[in-house]
Amino acid sequence: KPRPEWTAAEEFLTRVVVHPDPALEQAISSAAEAGMPAIEVAPNAGKLLKLLVQLSGARRVLEIGTLAGFSTIWIGRGLPEDGTVVTCEFLPKHAEVAWANIDFAGLGEKVEIRLGPALETLAALAEEGREPFDFIFIDADKENNSRYLDWAVRLGRPGATVVLDNTVWEGAILDPDLDPVNAPGIVDALKLLGEHPRLDATVIQTVGSKGWDGFALARIS
Ligand code: DHB
Ligand code: MG
């Protein structure tokens, strides 16, 4: 279990390098008011997403799992003027809260929320024959992680970046019986990241305000 000083260090690091953004604060408070779970990425991880978007020069981003739009706003902050995000959300209430937050962040023109089961949205996006995505962030129901990764490869361009959240799950990847609902999907996705002929990946474990977890970073070839 994370030691208190690891969380304290993260709070210190965040205070020193991650600047406040009223829209991100609003995303957190609106989610709490709406009774939504506080399972958004930590601020330092959100800023990592923004920097990865900028460093990779991504213009078209796909996000699977909107929640209240916290990571969506971070991603949006990293986009160029003509950049766009398509973000998939299952629950109408979450999408409604997220939309208000995204609009308040000034990103209403850049972000499209697609409501419904993400697997259906992803199939529809493929049907629509859109331009491929440059950056895909997966942070939704863990059971479908491998299916989301497969879609990421299909919908991303060669050279695209994939980030997958929640790769350690308090250590349950070592003993999936600890969480039979979520852990198997996480382990399957990790194996797929290691084996997929078009994915080259690494995984970083993290400790701090979000407990003991991690994220995967992959490149589509
Ligand atoms: C949960 C989901 C997440 O994406 C996360 O980062 C942390 C927790 C959850 O469903 O409990
Ligand atoms: Mg997550």
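The model is predicted: local features need pLDDT of at least 70, side-chain atom pairs count only at pLDDT 80 or more, and totals for chains, interfaces and linings use all residues. Residues are numbered from 1 along each chain as its sequence is written, chains are lettered from A and ligands numbered from 1 in the order written, and side-chain values use heavy atoms, without hydrogens and water. Helices (H or I, at least four residues) and strands (E, at least two) are DSSP runs, numbered from the N terminus.

**Sheet**
- Seven strands form an open, mixed sheet in the order β3-β2-β1-β4-β5-β7-β6. Two strands pair if DSSP finds at least two bridges between them.
- β3 and β6 (199–208) stand at the edges with a single partner strand each, so one side of each has no neighbour in the sheet.
- The twist averages 15° from one strand to the next. Axes are lines fitted to C-alpha atoms, for helices over the stretch in contact, and angles run from 0 to 180 degrees between N-to-C directions.
- β1 (residues 60–64) runs parallel to β4, joined by four bridges. Glu 63 stands opposite Phe 137 in β4.
- α7 lies across β1, β4, β5, β6 and β7 (211–220), at about 155° to β5. Contact means heavy atoms within 4.5 Å.

**Helix α5**
- α5 (residues 92–104) has 13 residues and reaches 18 Å from first C-alpha to last, close to the 18 Å expected at 1.5 Å a residue. The expected span is 1.5 Å times one less than the number of residues.
- Its buried residues are His 94, Ala 95, Val 97, Ala 98, Asn 101 and Ile 102. They cover an arc of only 165° around the axis, which puts them on the same side of α5. The arc is that of the directions from the helix axis to the C-beta atoms.
- Pro 92, Glu 96 and Phe 104 are exposed on the other side. Buried means under 20% relative accessible area, exposed over 50%, partly exposed in between (1.4 Å probe, protein chains only).
- The cover over the buried residues includes α2 (22–33), α4 (70–77), β2 (84–89) and β3 (111–115).

**Magnesium site**
- Asp 139 (OD), Asp 165 (OD) and Asn 166 (OD1) coordinate the magnesium ion (ligand 2) at 2.0 to 2.1 Å. Donors are N, O and S atoms within 2.8 Å of the metal (3.2 Å for Na, K and Ca); water is not among the atoms, so sites may look incomplete.
- Asp 139 is buried at 15% relative accessibility, and Asn 166 at 11%.

**Thr 121**
- Thr 121 sits in α6 (residues 118–127) and is buried at 6% relative accessibility.
- Not counting residues up to four places away in sequence, Thr 121 touches Cys 88, Arg 114, Leu 115 and Gly 116.
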